[in-house]
Amino acid sequence: EEAPRHEWLDRLFPQSFRATVLRKPLDRAFAAFYHFAMNHGKPNTTEAKLKWVGAEASSMYEYLGGDPADSAGAGREAAASLLRRYDLVLVVERFAESLVVLADALGVRLCDVLFLPAKTKHFGTRRRPHIPLAWEEPALVEDLRAAFARGLDEPLYAASVAALDAAVARLRPSGFDRRLRTLEAMLRAVERACGDPSQRKALQWQGFGR
């Protein structure tokens with residue numbers, strides 16, 4: 001029988017730091033619909049969204065190595081077990097906080113975790129824009145929320161947020177809030193200096209050494 005992912009990773013990379021990023025499950029699923037499904041011919045209809053997005057209720061859980069056979073009834077326990085395979089799970093909706101925790105975990109400076117968004121969608125691009133969840137049909141969203149409540153991504157996301165909350169609480173006495181304000185100011189400065197969309201592609205290629 002194959003060893004769980006974290007065990008064989010420990011054998012191959014005994015000193016590795018394993019991190020991943022999670023996003024609100026329903027938001028991620030809708031974004032995936034617009035990015036993958038519609039750009040490959042799926043119609044922008046309620047029926048298509050209900051079918052395609054509804055099938056994504058455990059996709060993050062499975063992508064991170066969770067067993068597709070795990071039951072939604074054991075969601076909290078299964079999610080906690082899966083998260084223990086990672087040293088840190090960053091949360092998209094609280095990315096700056098996640099980066100402060102990451103910098104502390106790695107023992108690096110805040111300037112070492114600065115970033116520029118590389119895949120932000122704009123309505124002027126040729127690809128389909130990612131419609132905000134608030135713009136979707138309320139009845140459709142409610143039906144999909146019910147479907148996601150039966151999946152494993154929601155408990156996985158909730159567990160990752162709880163873990164982030166715990167990490168922030170642990171770091172708060174040693175100046176977490178001050179470091180967060182500093183990082184946010186640094187990110188704004190980076191965006192002002194390097195965030196021009198017309199220059200971003202060139203900067204990305206330079207980052208890859210081309």
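Student: Why does W52 count as partly exposed?

Tutor: This is a predicted model, so the value is computed. W52 has 22% relative accessibility. Buried means under 20% and exposed means over 50%. W52 falls in between, so it counts as partly exposed.

Student: Why is F33 called buried?

Tutor: F33 has a relative accessible area of 0%. The cut-off for buried is under 20%. F33 is therefore buried.

Student: What makes F33 and W52 an aromatic pair, and why is the pair called edge-to-face?

Tutor: Their ring centres lie 6.0 Å apart, and pairing requires centres within 6.5 Å. Their planes stand at 65 degrees. Over 60 counts as edge-to-face, so that is the label.

Student: What makes this pair a link between distant parts of the chain?

Tutor: F33 sits in helix α2 (residues 25–37) and W52 in helix α3 (residues 46–54). The two are 19 residues apart. F33 and W52 also form one aromatic cluster with Y34.

Student: How many aromatic pairs does a search of the whole structure find?

Tutor: Three. One of them is F33 with W52.

Student: Why is the pair of F95 and F115 edge-to-face?

Tutor: The planes of F95 and F115 are at 90 degrees. The threshold is over 60. Their centres are 5.1 Å apart, and the limit for a pair is within 6.5 Å. So F95 and F115 pair edge-to-face.

Student: Which parts does that pair tie together?

Tutor: F95 lies in helix α6, and F115 in the loop between α6 and α7 (138–149). These parts are 20 residues apart in sequence.

Student: Are F95 and F115 buried or partly exposed?

Tutor: F95 has 24% relative accessibility. F115 has 32%.

Student: Why is E97 called buried?

Tutor: E97 has a relative accessible area of 18%. Buried means under 20%. So E97 is buried. E97 lies in helix α6. Leaving aside neighbours within four places in sequence, E97 is in contact with L164, V168, F176 and L180.

Student: What makes a set of residues a nonpolar core, and how many residues has the largest?

Tutor: The residues must be buried, of nonpolar types, and joined through side-chain atoms within 4.5 Å. The largest such core has 33 residues. Those with the most contacts inside it are L22, V101, L156, F176 and L183. Elements that each supply at least two residues include β2 (88–91), α6 (95–106) and α9 (176–194). Helix α8 gives the most, with seven residues.

Student: Which residues does L156 touch?

Tutor: L22, M60, Y61, L64, A79, L82 and L83, not counting residues up to four places away in sequence. A second, separate core of 15 residues includes F33, A37, M38 and L140.

Student: Why is W8 called partly exposed?

Tutor: W8 has a relative accessible area of 30%. The place of W8 is in helix α1 (residues 5–12). W8, L12 and F13 form a nonpolar surface patch, with about 310 Å² of accessible area together.

Student: What does the whole chain come to in secondary structure?

Tutor: Ten helices and two strands. Of its 210 residues, 35% count as buried. The chain exposes about 13,100 Å², and carbon and sulfur atoms supply 54% of that.

Methods:
Residues are numbered from 1 along each chain as its sequence is written. This is a predicted model: local features need pLDDT of at least 70, side-chain atom pairs count only at pLDDT 80 or more; totals for chains, interfaces and linings use all residues. Side-chain values use heavy atoms; hydrogens and water are left out. Patches are made of residues with over 30% relative accessible area and no salt bridge: like charges are joined within 9 Å, nonpolar side chains (Val, Leu, Ile, Met, Phe, Trp, Tyr) within 5 Å. Accessible areas come from the Shrake-Rupley method with a 1.4 Å probe; for residues, only the protein chains shown count as cover. A salt bridge is a side-chain nitrogen of Lys or Arg within 4 Å of a carboxyl oxygen of Asp or Glu. Helices (H or I, at least four residues) and strands (E, at least two) are DSSP runs, numbered from the N terminus. Buried means under 20% relative accessible area, exposed over 50%, partly exposed in between (1.4 Å probe, protein chains only). Contact means heavy atoms within 4.5 Å. Rings of Phe, Tyr and Trp (its six-membered ring) pair if their centres lie within 6.5 Å; planes under 30 degrees apart count as stacked, over 60 as edge-to-face and the rest as tilted.
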